[in-house]
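Please work through the following exercises with the model open beside you, and try each task before reading its solution.

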Protein chains: 4
Amino acid sequence: MPKKIRLGILGGGGDSLIGVLHRVASFINDNYQITGAVFNPDFDASMAFAKEIDVPLNRIYKDFDTLIEEELKLPEDERIQVCSVLTPNFLHYPMAKKLLDNGFHVICEKPMTTTLDEAKDLQKSHEKAGTVFALTHTYTGYPMVRQMREMIKSGALGKIHKVDAVYYQGWINTIIHDKEKRSSVWRLDPKKAGISSCMGDIGVHAFNLVEYTTGLKINELLCDFNYLYEDNQMDVDGTVLIRMGDHVKGVIRGSQVATGEENGLAISIYGEKGAFRWEQERPNFLYKLSDTEPTQIYKPGHAYNSELSLDGTKLPAGHPEGIFDSMANIYKGVAKAIRGQEYNDGEFPTMTDGVRGMNFIEATVDSHKSGNTWVALEN
Amino acid sequence: MPKKIRLGILGGGGDSLIGVLHRVASFINDNYQITGAVFNPDFDASMAFAKEIDVPLNRIYKDFDTLIEEELKLPEDERIQVCSVLTPNFLHYPMAKKLLDNGFHVICEKPMTTTLDEAKDLQKSHEKAGTVFALTHTYTGYPMVRQMREMIKSGALGKIHKVDAVYYQGWINTIIHDKEKRSSVWRLDPKKAGISSCMGDIGVHAFNLVEYTTGLKINELLCDFNYLYEDNQMDVDGTVLIRMGDHVKGVIRGSQVATGEENGLAISIYGEKGAFRWEQERPNFLYKLSDTEPTQIYKPGHAYNSELSLDGTKLPAGHPEGIFDSMANIYKGVAKAIRGQEYNDGEFPTMTDGVRGMNFIEATVDSHKSGNTWVALEN
Amino acid sequence: MPKKIRLGILGGGGDSLIGVLHRVASFINDNYQITGAVFNPDFDASMAFAKEIDVPLNRIYKDFDTLIEEELKLPEDERIQVCSVLTPNFLHYPMAKKLLDNGFHVICEKPMTTTLDEAKDLQKSHEKAGTVFALTHTYTGYPMVRQMREMIKSGALGKIHKVDAVYYQGWINTIIHDKEKRSSVWRLDPKKAGISSCMGDIGVHAFNLVEYTTGLKINELLCDFNYLYEDNQMDVDGTVLIRMGDHVKGVIRGSQVATGEENGLAISIYGEKGAFRWEQERPNFLYKLSDTEPTQIYKPGHAYNSELSLDGTKLPAGHPEGIFDSMANIYKGVAKAIRGQEYNDGEFPTMTDGVRGMNFIEATVDSHKSGNTWVALEN
Amino acid sequence: MPKKIRLGILGGGGDSLIGVLHRVASFINDNYQITGAVFNPDFDASMAFAKEIDVPLNRIYKDFDTLIEEELKLPEDERIQVCSVLTPNFLHYPMAKKLLDNGFHVICEKPMTTTLDEAKDLQKSHEKAGTVFALTHTYTGYPMVRQMREMIKSGALGKIHKVDAVYYQGWINTIIHDKEKRSSVWRLDPKKAGISSCMGDIGVHAFNLVEYTTGLKINELLCDFNYLYEDNQMDVDGTVLIRMGDHVKGVIRGSQVATGEENGLAISIYGEKGAFRWEQERPNFLYKLSDTEPTQIYKPGHAYNSELSLDGTKLPAGHPEGIFDSMANIYKGVAKAIRGQEYNDGEFPTMTDGVRGMNFIEATVDSHKSGNTWVALEN
C-alpha cells in the first residue's frame, strides 16, 4: 500500500458531529493522515483541539487563507494533498473554489454551494484544476446502496417505471412550533440558511439517492412546500413530483416535521422485472421484490454481492455496519482517485452531483413559488 | 340477542372472491342469515350455487328486478332487510338506488358509482329512504385502524400537520406490458372501467383512510398520473398532492405497477405531539411515534385500546386477525345500525364517504388532464 | 360440490372463544351445516344460544348422551356426521370415545385426552371405528406452515440437523404472582388441569409443529420445568432438549410467564442446504435462509407455493390471513376426508398426533420429576 | 482532554479482521495512539504493516518478549501503557500474564485463556498488578445493551424470572459437512482449538450477555452438544439449561450449523413487570414488553436513555451505529479506567467476566460428557 494521503481539515473541531464522522471515516481504511487544519475560526481553540487529537501544531493555521499560502510554500511531497471542507454552508463554495484553483483535491460537505450559479462556477474551477472533487452524500457509501446501483446497472429490474424516495425527520418540531425560536434560529432565516431548509438539507439527499441508484436523470419536477406557519419563511416539508423521461415518474418526499421520524431516508425503485426497497435506519437489509418470486433480502459481505458493494465491507456478514462505514467507503474511493488507481464511479459523488443537487433545490423553490408548476432541470 | 338479519346477496356467486369475503364477514358475528339472492345473471348458475351453500331456493330470483318485486310482496318480517351489492362496478349505482327507493338497507361494494353525479343522486335517494347505507371500504374495519381514529379524535397527536398515504400494487404489470392485453382488457378500457383505474380502484381506499383516521377533509388536490404507454388510456400509477386546511398538507400515492408489491396500503399521520404508522399487510401492529419517547406498538385485544377497536376483536391478543375480521367488523356495525342500536360512527363507511370518494377520483382525473393544476373538492 | 356435512357441536356456547373459532372455521369454505348441539351443560342456555345462531331447536339436546341416543335414531342421511368436541379438557376423551364407538367422525380440541393411556385407548376406538378423527392443532392450518412442510418433504433443506421451537406467553403472570389466585385457579390445580400447565397447554403445540413440519419423530427428551413459587404445583415454564435420531437435535421452549409475549409460537429448522423461520404472530411471512443466497420471504397465495399451501388461501396475495383461516383450512381437509375425497395428509392433525402429544407431555413431566434425565418417546 | 494513551498491538496485522476492528475502535474517541507493536510473528511483515499504517518503526519489535524488554527500558512517560492482545487463542494467556506481571494494562480478545485454571492464574496476576484488564466481549458496547443493563438495575423489569439467550451462526457448515476438512481444520482439532468450538467461540458471548444485562449469576447448568458426525470431536451446536437462583431459570442456545444465520446473537429477559428483547443484527432497536402496555422501542441517542447508554452514542438518533461503535465504546471505558477517571462498571468486561466465561465453557463440556447432568459454576 502506498504512503498515507496528507489530509487537511477545515472546520469540524471540538464536539462537531461532522468532524468526528469525517475523522473516523478517514482513519478506517488506513489511507489518510491528518496533516494540517483550521479546525476553528478561533486560533486558540484550533490549537487546543489539535493537541487533543495529535495533529502537528506547526500545521495548524490561523485561517483558511494562511493555510493555502503556507502549504503552497511546502515541497509537494510534504504539502496537504486533499482538504475536507466541514465549515458552515456558506463557506463551502469560496473555500472549495480556492482549494481547486490552487491545485488541491477537495472533499466537500453538502450542500456544495448556496446557489446553482456558484455550483456552476465551482464546476468550471474543477474542470480547470483536474484534481479530485468529492461531495459527501454519505448514504451512497452503504454497501447495500451500492449493491442496488450495480444490480440496476446490470439490468436486474429491467426498464425502471417508478421511483419513490423519502427523507423524513421530526427534529425541527421543537423549533418550528415556538414562535420565538422559529423567527430567530439561523436554520429558518433565508438570509443565513439559503433558499431552502427541508429540500436543501435533506430532500437533496433523497434526490441524489434516486439518481445515484437508478442512473436516470430527473428531467422536470413540480413541488409543493409546507411552511406550517404564516410567519415562517422556509420550507420545513415538501413533496416533489418527478419525471425522468419516457413515462418514468416518481415522487420525492421530505419533511422536518414528521414527528418521531429520526433519519428516515428510504427509497423504492420499481422496474419491469423487479423492485428494490432500502431504508437508511436498517442499512444492512436490501429487499428485492418480484411479482412472481419470493422477496429476497440482500445483506452486506456475501459473495453474491457486486464488487462495488463488497469493497465497502470490512467484517464478515452479520456484523452491523453503520454510518461510519458508509462515510469511510467514500473516503476509500477518494483515496483511490487521488492515487490515480482504478475505481468504480459509484465510489463517491462528484462535482456533477453537486451541480445537479443545487439545480434540484432551486427548481423545487421555483416550482413552489410559481404556484406548483413544472420546472425543468438542466440536463 | 335479536333474531338474525335477513340478508340478500347480489352477485358474488361461484368462486367470486368478493363473494366469499362478504359471506364470511356476514357470518362471523352471528348477525345475518342469507335469505335470498341473485348470485349470477345466469339463473341456473345462481340456483346451483344456492344449493351448494344452502340458501333457500325459493328466494333465488332470476334477476334483480324480480328480487325487488317478489320480496316486496312478502310480509315485512320475512322480507330481505339488507342487500349486499357485489355486482360489476357499473351496476352498483342502479341497484343501490332501486334498493334504497324501495326501502331496503344497502351494503355496497366500492366504487359506489361510476361518476360523482350518480353518487349525488344516490345520496338523495338515501336521504329520502332513511335506511342504512354502508360502503365497504374494508380496511377501516381493522382494529388498529379504528384505534388510530379514536386516539386522534381524543387528541393523542395534537394538531395534525402532515399525512402520507400509499396504496401500491404490482399486479397490473402482467397486463400493461403486453400490447395485446392492455388494449383488450376491460380494466384498462375507459368505456367499461370508468374514468380511472389506479385512483378509482385503490387510490380511493387511501383517500378514504386519510379522512377516516384523521377526521379531516381534503380541500384540494393536484395529481399526476402515469399511463406508462402511449397507447394506454387509463392511469396505472399516480401521485396526489393534498391540502387539508390551514397548513395541513400531504400526499397520496397509488400504483398498480409497483412491481412486487401485493396489497401495500399504508398510512403515516404526523401531528404536533406524535405520529401514527400503519400497514395493511401487518394489520395488527400500530406504531405510535414521538420525538421524545420510545416508539410504541399497539396491538389488538388489549385493554389499553379504545372501545371501538376492542369491539372488533374476537380472540385474545396474539391471534392474528386478517381481512375477514376487518370486513366482519363492518358488517357488525351495520347490524347495529339496522337494529337501531347505538353505534360509533367509525363502525362503517357511509354514503358520505362514497360521495367524497367519487369526488376524489374525478378531481384526480381533472387535475391530471388540466396539466396538473389544483382542483377543489366539494366540502 | 356435494351437500353440506351435518356438524354437531359439543360445548362452545355463548361467548366461548373456541366456539366462535370453530363455527367460523366450519362456515368459511361452505362445507358444514351446524345441525345439532349441546352448547352448554345448562339446557336453557343451550337452547337460548341455538336460537341466537339459528340452529334447529329440535336438535339441541339436554346432554351428550341424549345427543348420541337421539341422533342414532335418525336415518343416516339426517344424522349428525361429525361432532366438534369443544368441552373442558377432561371431557375430550370420554366424548370422543363414545362418538367414535358409535360411528361418528370427530373433530377434537386439544389436549386430546388427559393421559397417554387414555390416548392409546382412544386410538383403539378410532382404529375400530374407521371414521375420521381430527385434532385441532390449529397452527398447522396456516398456508406458510404447510409450505414449510411441503418444501422440507421435497428436500429443500437437505438433511435436517437442528430444530428450535418456542411457544412463549405471558398471560399467567396475573395469576401466578398472586398467592391467593395461584392456589385456587383450576389451571394450576393438578387435580383439575392434568399433569402439566405450560407443556400441556402450549408446549405441545410447539412439539406438534416440529414433527408436522420436519416429518421427523422426536426419540427422546430431557426437560426442566420452572414452577416459580414453592407453593405452585404446576409447570408455568420449561425447556426441553430433544433428539430426533442420528445427530439431529434441538430444543423446545415453553413459557406462560414470558412477560409481554402474547402468542409467541415460532419455529426455526436448520438443514444441510437451508433453513426455515416462521412466527405465528406474523403468519404470512415465511423466511428461507441460506449460507450462500439472499434470504427469501415466501408469502401465501403465490403460484410458487405448493398445492397444499395454495389450497388454504382464499384471496389474492397481500390480504392478511389470520387464525380463522388457519382453523378453516383444517375443517376443509376434514370435509374432504369425510366425503372420501383425496387429500394431503398435511391437511389436518390426526389421532397419531394426539397420542404423540400426550406421550410428549408425560415424558416432559417424567423427565423433570426424575431430575432432568432423558426419557424416550414411544416411536 | 489528557494526552493520548500509548497503545501497543500484539497480532492483528495485515488483513486481520480483528486488527481493523481494534484499530478503528481505539481511534474513534481520540483516546489512543498506536505506539508500538508486534503485528506478526514474521518481523518483515510486521515492519511492512507498520509502514502502511504509520506506526513508528523503531517501536516495532521482533517478538513479544523483546517488546516487553525494550519498552521497560523506556521512561514511563514514553512507554506503551496498554497492550491489545489479538494473537491466536492459545497465546492470550501467556501474553496477558506477562503484560500484567510487568505492570502493563491489558485489552484482551476473547477467549481470555484456554482453561479455567489459566484464567484463575491470570486473575491472580491481575490482582497483584492492579492495572486495568479488559476483555473484549464486544457486544456489551452497544448502547442498547447498556440501556438494558441500566434499566434492569433500576428495577424496570422487577424480579427476573426467565432468560433466553441465543447465538446462532451457520458458517461452519462449509467445513463440517466435508469429511476431509472437518478432520484437518484447526478449529475442530481439540489439540489446537481447546475444549470447545461452539460454546468456546460464541456460546460464551451469550453467557456473558446474560450476566452482563441481568446482573445475575448462573449457578448451575446442564448441557447437550451436537457434534453432527461421529468422526467430529468438537461441539458445533449445543443447548444449555441454566439456573440462576431462586426459581430463576433459562436457556442458552448456540450453534455453528444454524444454516443461513450470520451473527445471530439475541437475548430475551422476562421479569415480573416487563421484558426486554434485543438482537445483535438490529442493534439499535431495543424492545421493552409488557403484559398491559404497548411494546416500546428504545433507540440510541435519545434523552430518555441512561447515561451509560448515551455515553456510547456519537451522532444524533437515526444514524445507525454498528460493530465499530460497540468496540469503540469499550475502548472508551478502558481509557477512563487507565486515566483513573470515574466510570460505570458496565463500560467494559473485566477479569471476572473472563474467569466466569472459562468456568461456563468447562462446565458445558463437563455436563455434556457426564451424560447431561447439572454442573455447578463457582460463584
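**Exercise 1.** Determine which strands of chain C pair with β7(C), and in which sense.

Solution. Begin with strand β14 (residues 375-376) of chain C, which runs antiparallel to β7(C) and is joined to it by 2 bridges; strands here are DSSP runs of E of at least two residues, helices are runs of H or I of at least four residues, and both are numbered from the N terminus. Two strands count as paired if DSSP finds at least two bridges between them. Within β14(C), Ala376(C) is the bridge partner of Glu220(C). Next take strand β8 (residues 237-243) of chain C, which pairs with β7(C) in the antiparallel sense over 7 bridges, with Asp237(C) of β8(C) standing opposite Asn226(C). Buried means under 20% relative accessible area, exposed over 50%, and partly exposed in between, with a 1.4 Å probe and protein chains only.

The model is predicted: local features need pLDDT of at least 70 and side-chain atom pairs count only at pLDDT 80 or more, whereas totals for chains, interfaces and linings use all residues. Residues are numbered from 1 along each chain as its sequence is written, chains are lettered from A and ligands numbered from 1 in the order in which they are written, and side-chain values use heavy atoms, with hydrogens and water left out.

**Exercise 2.** Describe the open sheet of chain D and the helix that lies across it.

Solution. First set out the order, which is β2-β1-β3-β4-β5 for the 5 strands of this open sheet in chain D, with parallel pairing. The edges are β2 (32-38) and β5 (133-135) of chain D, each of which pairs on one side only. From one strand to the next the twist averages 20°, where axes are lines fitted to C-alpha atoms (for helices over the stretch in contact) and angles run from 0 to 180 degrees between N-to-C directions. Inside the sheet, strand β3 (residues 82-85) and strand β4 (residues 105-108) of chain D are paired in the parallel sense over 4 bridges, and His105(D) in β4(D) is the bridge partner of Val82(D). Helix α3 (residues 64-73) of chain D then lies across β1 (5-10), β2 and β3 of that chain, at about 125° to β2(D).

**Exercise 3.** Examine helix α1 of chain D for its length, its burial and its two ends.

Solution. Start with length: the 12 residues of helix α1 (residues 17-28) of chain D should span 16 Å at 1.5 Å a residue, and the end C-alpha atoms are 17 Å apart, which agrees; the expected span is 1.5 Å times one less than the number of residues. For burial, 10 of the 12 residues of α1(D) are buried, so this helix is largely enclosed by the rest of the structure; among the buried residues are Leu21(D), Arg23(D) and Phe27(D). At the start of α1(D), a side-chain oxygen of Ser16(D) comes to within 3.4 Å of the backbone nitrogen of Ile18(D). After α1(D) comes Asp30(D), with a positive phi near 60°.

**Exercise 4.** Characterise the interface of chain A with chain C.

Solution. Count the residues first: 11 residues of chain A are in contact (heavy atoms within 4.5 Å) with 11 residues of chain C. Then take the area, for which chain A and chain C bury about 850 Å² between them, 63% of it on carbon and sulfur atoms; buried area is the accessible area (1.4 Å probe) that two parts lose on being put together, summed over both. Of the area that chain A buries against chain C, Pro294(A), Ile297(A) and Tyr304(A) supply 53%, more than any other three residues.

Methods:
A polar contact is a pair of N or O atoms within 3.5 Å; within protein, one must be able to donate a hydrogen and the other to accept it, and residues adjacent in sequence count only if both atoms are side-chain atoms.
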